[in-house]
Amino acid sequence: MNALLYALERWITKLDKTFIQSGHYKMILEGLGTTVKITLGALVIGVIIGLVIALVKYLAEDSRWLRPLAKVCDLYVTVIRGIPVTVLLLIFYYLIMVTCTDGVLVATITFGINSGAYMAELIRSGINAVDRGQMEAGRRPCAGSSCPRPCAMCCPPWATSSSPC
């Protein structure tokens, strides 16, 4: 037992000397800040892309003018979800955004684009999970009036409550 305590005390002493006293903890905190910046930026980009794509795919079911755009969105979702995120990051850094020297910006955009493909399917599946009767009930109160689609008010809560996540 004493040997274990002695080994633990030596380890803590080495940790203090190499990590705290030398100031290496500042690098960890700086990296944590960078990670939070990338995560929040990618989340915002991903939600915006995902929402736009989900709405295009949902509205294309009723509109023949949006069907070609929905096919492009399907291609985007399929290709981006099929490429591993590390490979996608390398493609963006070395091929697409060659002139950009800010790695944080490249990572934020790349992770946002990747997140957008997954968000699109998540939002679309949530919208499609709302029963057709509920959609009609949401449109019914304003039938014949000039108010904007009432479904926009009641369907998002239903979609998020029936979403798999």
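User: What share of the residues of the chain count as buried, and what makes a residue buried?

Analyst: Of the 165 residues of this chain, 25% count as buried, where buried means under 20% relative accessible area, exposed means over 50% and partly exposed lies in between, with a 1.4 Å probe and protein chains only. This is a predicted model, in which local features need pLDDT of at least 70 and side-chain atom pairs count only at pLDDT 80 or more, while totals for chains, interfaces and linings use all residues. Residues are numbered from 1 along each chain as its sequence is written, and side-chain values use heavy atoms, with hydrogens and water left out.

User: Why is T108 called buried?

Analyst: T108, which lies in helix α5, has a relative accessibility of 11%, and because this value falls under the 20% limit, T108 counts as buried. Apart from its neighbours within four places in sequence, T108 is in contact (heavy atoms within 4.5 Å) with I38, G41, A42 and I45. The side chain of T108 also reaches the backbone oxygen of V104, at 2.7 Å.

User: How many helices and strands does the chain have, and what makes a stretch count as one?

Analyst: The chain has 7 helices and 0 strands; helices (H or I, at least four residues) and strands (E, at least two) are DSSP runs, numbered from the N terminus.

User: Why is α2 called oblique to α5?

Analyst: The axes of helix α2 (residues 25-59) and α5 come within 5 Å and cross at roughly 40°, the axes being lines fitted to C-alpha atoms, for helices over the stretch in contact, with angles from 0 to 180 degrees between N-to-C directions. Angles under 35 degrees count as roughly parallel, over 145 as roughly antiparallel, 65 to 115 as roughly perpendicular and the rest as oblique, so α2 is oblique to α5. By class, their contact has 20 nonpolar, 9 polar and 3 charged residues, where Ala, Val, Leu, Ile, Met, Phe, Trp, Tyr, Cys and Pro count as nonpolar, Asp, Glu, Lys and Arg as charged, and the others, Gly among them, as polar.

User: What makes α3 oblique to α5, and which residues meet there?

Analyst: The axes of helix α3 (residues 67-82) and helix α5 (residues 103-128) come within 9 Å and cross at roughly 120°, and that angle makes α3 oblique to α5. In this contact, Y76, V77, I80 and R81 of α3 meet I113, N114, G116, A117, Y118, A120 and E121 of α5, and these residues divide into 7 nonpolar, 2 polar and 2 charged.

Key
A polar contact is a pair of N or O atoms within 3.5 Å; within protein, one must be able to donate a hydrogen and the other to accept it, and residues adjacent in sequence count only if both atoms are side-chain atoms.
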